[in-house]
Amino acid sequence: MTDVEMIRGQTAAVEQHERAGHSEPRVVTRQEREAAVRSWLLLSAASASTSQTEWDRDGIALLRCGALFSAVRMSAELVHAAAGAQEPGEVRDFLTAALFDGPTFFDQHSARYYALVPASTAARKEWREKRHSPAADGLGLGSYVGVPRPGLNGPHDGHFSYWCVPMHGPGDLCAPEAVSQLVSHGRRRLTTQGAVRGR
């Protein structure tokens, strides 16, 4: 069964449940949610089987931006300034609130945070014109990003990339305006901190 067939099958099961007159909400387990997210993300892989192997082996897989999603890459310095914190739990709580539970992950190796956003986000003027670079950049068509395996939530031994805020379902992405506001807030705080240090 291909990934597309799997997603269609899951969608059909929910629709059948609703047509059968079941108005009560269907309970979805964490494992089912992660499997649906994994299948959806793998639609952006050059090879779904290769990316799945990379996730199993390394905890991270290279996925294509610009079709299903884009990403906003932010420096740790910027995110920590916006959050007013560096401790992973505090940063997670800040990102959860600021991005309305939208999916974000952290690459400890490069000290960069990534917010997954709709594919069209990279075409917004602020990202096209690189207004926030180098503190933050929009990654769209032609870009690739190393995405951690769904389920790697929080720092893990042996894995340098993890979800700060996990993706809760296929296509559940950050609001572009919320990400832009977070970046602007972080830049203002960095400017203020720099001015205070320069006194």
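Here is a short chat about the predicted model shown above.

Me: How many helices and strands are in the protein chain?
Reply: Seven helices and seven strands, going by this predicted model. Reading along the sequence, the pattern goes α-α-α-β-β-α-α-β-β-α-β-β-β-α.

Me: OK, and what share of its residues is buried?
Reply: Of the 199 residues in the protein chain, 41% count as buried.

Me: What about helix 4, is it enclosed or exposed?
Reply: Seven of the eight residues of helix 4 (residues 76-83) are buried, so the rest of the structure largely encloses that helix.

Me: Which ones are buried?
Reply: In helix 4 they're A76, L78, V79, H80, A81, A82 and A83.

Me: And what follows helix 4?
Reply: G84 does, and its phi is positive, near 65°.

Me: Where's F100, and is it buried or exposed?
Reply: F100 is in the loop between helix 5 (88-98) and strand 3 (104-107). Its relative accessibility is 65%, and exposed means over 50%, so F100 counts as exposed.

Me: And K130, buried or exposed?
Reply: K130 counts as exposed because its relative accessibility is 54%. You'll find K130 in the loop between helix 6 and strand 5.

Me: What about the peptide bond from S133 to P134, cis or trans?
Reply: That one is cis, with omega near 5°. P134 is in the loop between helix 6 (125-128) and strand 5 (136-139).

Definitions and conventions
Residues numbered from 1 in each chain as written. Predicted model: local features only at pLDDT ≥ 70, side-chain atom pairs only at ≥ 80, totals over all residues. Heavy atoms only, no water. Helix = DSSP H or I, 4+ residues; strand = E, 2+ residues; numbered from the N terminus. Buried < 20%, exposed > 50% of the residue type's maximum accessible area, 1.4 Å probe, protein only.
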